[in-house]
Amino acid sequence: MKKQKTIETITNNNNIFDLLSEEIIFTILDNLNQNPLDKKSFSLVCKSFYTTESNHRKTLKPLRPDHLKTILTRYPNTTHLDLSLCPRVTDSSLTTISNTCNSALKSINLSRSGFFSSNGLLSLAMKCKNLVEVDLSNATELRDAGAAAIAEARNLERLWLGRCKLVTDMGVGCIAVGCRKLRLLSLKWCLGVGDLGVGLVAIKCEELRSLDLSYLPITNKCLQSILKLHHLEDLVLEGCYGIDDDSLAVLKHGCKSLKTLDMSSCQNISHIGLSSLTSDSGGLHQLILAYGSPVTLALADSLKNLSMLQSIKLDGCIITCGGLKAIGNCCVSLKEISLSKCSGVTDEGLSSLVTKHKDLRKLDVTCCRKITDVSIAHITSSCTNLSSLRMESCTLVPREAFVLIGQRCHFLEELDLTDDEIDDEGLKSISRCHKLASLKLGICLNITDEGLAHVGRCCSKLTELDLYRSAGITDSGISAIAHGCPDLEMINISYCTNVTDSSLISLSKCLSLNTLESRGCPLVTSLGLTAIAVGCKQLMKLDVKKCHYIDDAGMLTLAHFSQNLRQINLSYSSVTDVGLLALASISCLQSMNILDLKGLTPGGLAAALLACGELTKVKLQVTFKSLLPQALLEHLEARGCVFQWRDQVYRAELDPKSWKLQLEDMVQ
Amino acid sequence: MDLKERLCADNWAKSSSSGNELSEKVSSDLPSFSNFISPQHQQKWEDSPILDYDIRCKHTFQDFNQPSQTQSSLPCNPNTQSKIRCQQDGQVNEMCQNNKLQDWDPRAMLNNLSFLEQKIRQLQDLVHLIVGRRGQVLGRPDELLAQQQQLITADLTSIIVQLISTAGSLLPLVKHTPSPCPPIGQLGQLGGVLFPSVVGLGSGVHPQMDFGRKASDQSNQIDLTGNSGSEQNCTIEEHELKDEEDADEGENLPPGSYEILQLEKDEILAPHTHFCTICGKGFKRDANLRMHMRGHGDEYKTPAALAKPNKESSSEPILIKRYSCPFSGCKRNKEHKKFQPLKTILCVKNHYKRTHCDKSYICSRCNTKKFSVIADLKTHEKHCGKDKWLCSCGTTFSRKDKLFGHIALFQGHTPAIPLDEAKGPAGSSDGLENYDATSKAGSINFNFGSNALSGSGVQNIVDVKGSIDDPTGYFSPLNFDTFNFGGFNEFSRAPFDDSETSFSFLLSGSCNYPKKGGAESSSTNLE
């Protein structure tokens, strides 16, 4: 940016940027996505840059709705407005938006906002004629009148109404009649909507591609018309307890265009219902039957017709060995299998399954506690293209087996080995997976810095690393990672009790780091935190709970440098009023956990809470409830802040080994 | 229904105690079968010897037979209806005396025989009448002849049955071996002979059901079988009459296989059809008339007098009666090319009022809907104002699915959200609805009670005081015409009624519970 400035001063009145067409500058700006602050700097260069940048920006995600009018006037070409960071969006805000944006606005996200009513939505729908996308999820106060208002947006194509529990058939009926172009509709958890509303949607909105009906009290009555939709590709029927085999048996035909079918938690549907539902859906790509009826031979047989099937998810089902084998035999070639938390997955079944599906890309065997090295050997030998392997809590898999993973599956991008027996040898082998982006090594008590150093050396694309309670890790391991993985975005070193400030100092080199969890690291101090604050400008989430040496000094630097911080957990640290007040200057801070701060006084807390305008969630000691003025709490709640009062006493930490033993005792 | 029940109960109370305690009757007014097995009654049964039991059987036979005779002659000459009624009353009178004296002495036997003699004489009269009329009636002579023959055979059959039963009473062996089952079977058979129409109309199941349910009280069963068998059938007809008027179009009776009766307009619109021969008071129901008759003397208090005369007592083949609407040009008129007869008198009444009369009843809630049959108004008022399912075109629906069906059908129509939506969540209003229904039903009943009282209220009250009339009838006489009746019927009917309408009856029944309780208490208070 400085270079540009100098160029400008040299050419003086002869601005060479005048020669560049707006399109070219737009193309340049398109690539300026790394840091949101970059565009800000660009716009501050000169008036013409400012105008160009204003005309270029199409997406806005404001932190507060206060200055919407100014912002929207500055960015006249805004098409997408994301208000999910604004907890309080009133009708007047929506009126402002609709008056300023008019027909330019195409998409608006109100999924985390409250405080608006049907009037605001009506003005939005009437003025912004070109709205195609509206997210109203979590509008728990929204009633049919609101839904009727949204129905005025005739061009709407995508609409999310998740958890709008007060909307009934009437409201959905209005939407069905009004928004005939709907392609996507999510009614998840809209408990007031039943067969009639959904049936009308299916009759009126013929363009529907995607329909989410999770947890609706619907029966097969509306299913009949849903399956007649010609373009329906994605149907989610999760937790629809009203649908059972008997009612599905009545269906004369399935849906031909269906590509994804989710019938999770439909305990009343067995293979019989499944076959009648998918009888015509030869093109089905993905089938999700999580937490459903037992996977037996019969169910597997009903998959025979699905020749295009690529992905099947059976999480949490009871599975028989025969069922697994049959899935192996009948499906053409699966790319994704999820068997997480399935009881009944044995070496025999899993082995025969994976040997048939050599093209497998994703495999999830989380908590399949019966599998051993036999399974791993089969998986690694036949599925060499595996990109994602999740095998948390496969405790019978011996440490030698993990070597096989590294030896054979070089394309792994995601690997979850939480609570496994992997050791340094295994890590060394796994470091051959150069594409590895996400590695989870939580509660791996056998690994040390040595193994981690291998990962740091070879896996340069690592963005996510979880070392939760991996007690063998110290500063040298972390520093190897910090040096070798510059793209690291998220790291969890919670309860790695040997980690000190030097780890944080080395991690401060990872400029993309946005999440740091160092909960329960007693040796970490404000010094380390300062380094992080200065280095990692992208930091959004910070957890320093139970780090006793973290104090106000850390907060002061954090407040100064980490302007992107959204969430912070300071419980049981040594932060006082001063630190908290400093933090309050971070404009986008939304969530604070401030349990049991010894130096915190009611006055300081009140000042900090008042100063922090964007707070949506605060967790604090119940004793403050009586100490803070009621009017203040009411004011904060009116701003959209939710208080969670806790009455917890501090518990001393166990060392990781005894913690795990205790965990195992509890499991047994 | 409780009317009938009470009739039955009264029968028992009367005959078992052979006394005439009014209080007893009142106590049995409670509209539930459970009254029959009240300890009071049972004790009486235990007290009375087994002999009594047989008397009971016989007594019921007489009950059936006698009315059947008179009743069967009714359709032939409706003009002499009242005359015959007189006769009947007289007979009933005698009959009661018979019953009282039935104690195995020769006098009773003599009475019986003289009664039979009288019956035979009556039959003679009937034949005479027929002979006399034969010359006059020219139209359809064959049909009429067949009809008359049937009637005569029916009466003869009943006389024979009576004779056999009288003779049977003379056989000591028969009466001293009472097993609980044979009487039922016997009666069942008799029922088959005497009331073939009951079976024919598909309600033969009812008595059987009653057997099963009342196994504890044998004698009750017998009475029920006889009395309620045909009566329940009638009730069902009354309930379903609304549907029937349309439904019977599917009934393809070949012309001539039934007798066509045509009431005149005045008859149809007359508020009362049953008149007291002594004081001239009119009643809508024969049962009420019979109750009323008790006030005219003890001779009307006998079980026989109180028992319902059996209409369907003619022997097989059953003569089906159908009705014609007097309005010429009407499809229901017998002169119409595509004549479709009406099944019952009630059908005629409702049809005539609905089709050919002014709609004089206006809904007090909406002030727009008009009705000619008050029952229709009541049905409407029950739902009026609850048409909360509104379409953008202004059409209202009482049911959400109807609204959605409408919207699915028409382009551009959309559900209209009520403006006061904020008042309460529309989704969870089902509970509220029910609550509304209950309270509304209650208030409506009250209204009607007061309206109807304006005419003959005083008399009604008198009736109640004498514990003659049905307390609920007093409360709202119109109830009988409609669903409320079903409410009282619920106990006996609901278990074996599988028709669609039974559900609504149940509903209305449940709505009426509080009121019923009130009626009961009022009747007990009156004691």
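This is a predicted model: local features need pLDDT of at least 70, side-chain atom pairs count only at pLDDT 80 or more; totals for chains, interfaces and linings use all residues.
How many cavities of 30 Å³ or more does a search of the whole structure find? The search turns up 11. The largest cavity holds about 80 Å³ of space. If you'd like to find that cavity on the screen, look for its lining: A:Met263, A:Cys266, A:Ile269, A:Ser270, A:Leu274, A:Leu289, A:Gly292, A:Ser293, A:Val295, A:Leu299, A:Leu314 and A:Cys317. Sorted by class, that lining has nine nonpolar residues, three polar ones and no charged ones.

Helix 3 of chain A gives the largest share, with five residues. As for classes, the lining of the second largest pocket counts 11 nonpolar, 12 polar and 10 charged residues.

Helix 4 of chain A also brings us to helix packing. Helix 2 of chain A, residues 22-30, packs against helix 4 of chain A, residues 47-56, at an angle of about 70°, and their axes are 10 Å apart. Angles of 65 to 115 degrees count as roughly perpendicular, so helix 2 of chain A is roughly perpendicular to helix 4 of chain A. The crossing of these two helices is right-handed. On the helix 2 side of chain A, the contact uses A:Glu22, A:Ile25, A:Phe26, A:Leu29 and A:Asp30, while helix 4 of chain A brings A:Thr52, A:Glu53, A:Asn55 and A:His56. That contact has three nonpolar, three polar and three charged residues.

Next, helix 6 of chain A (residues 91-101) and helix 7 of chain A (residues 118-127). Their axes come within 8 Å and cross at roughly 5°. Helix 6 and helix 7 of chain A are therefore roughly parallel to each other. Among the residues making this contact are A:Leu94 and A:Ile97 of helix 6 of chain A, and A:Leu121 and A:Leu124 of helix 7 of chain A. By class, the contact of helix 6 with helix 7 of chain A has four nonpolar, six polar and two charged residues.

One more pair to show you. Helix 15 of chain A (residues 321-330) and helix 16 of chain A (residues 347-356) have axes that come within 8 Å and cross at roughly 5°. That makes helix 15 of chain A roughly parallel to helix 16 of chain A. Their contact includes A:Leu324 and A:Ile327 from helix 15 of chain A, together with A:Leu350 and A:Leu353 from helix 16 of chain A. Here the contact residues of helix 15 and helix 16 of chain A divide into five nonpolar, four polar and three charged.

Terms used
Residues are numbered from 1 along each chain as its sequence is written. Chains are lettered from A and ligands numbered from 1 in the order in which they are written. Side-chain values use heavy atoms; hydrogens and water are left out. Axes are lines fitted to C-alpha atoms, for helices over the stretch in contact, and angles run from 0 to 180 degrees between N-to-C directions. Helices (H or I, at least four residues) and strands (E, at least two) are DSSP runs, numbered from the N terminus. Angles under 35 degrees count as roughly parallel, over 145 as roughly antiparallel, 65 to 115 as roughly perpendicular and the rest as oblique. A crossing is left-handed if the near helix is turned anticlockwise from the far one by less than a right angle, and right-handed if clockwise. Contact means heavy atoms within 4.5 Å. Ala, Val, Leu, Ile, Met, Phe, Trp, Tyr, Cys and Pro count as nonpolar, Asp, Glu, Lys and Arg as charged, and the others, Gly among them, as polar. On a 1 Å grid over the protein atoms alone, a cavity is a set of points where a 1.4 Å probe fits but cannot get out, and a pocket is an open set with protein on both sides within 12 Å along at least five of seven lines; lining residues have an atom within 4 Å of a point. Grid points are joined across faces, edges and corners, and a volume is the space filled by probe spheres set on the points.
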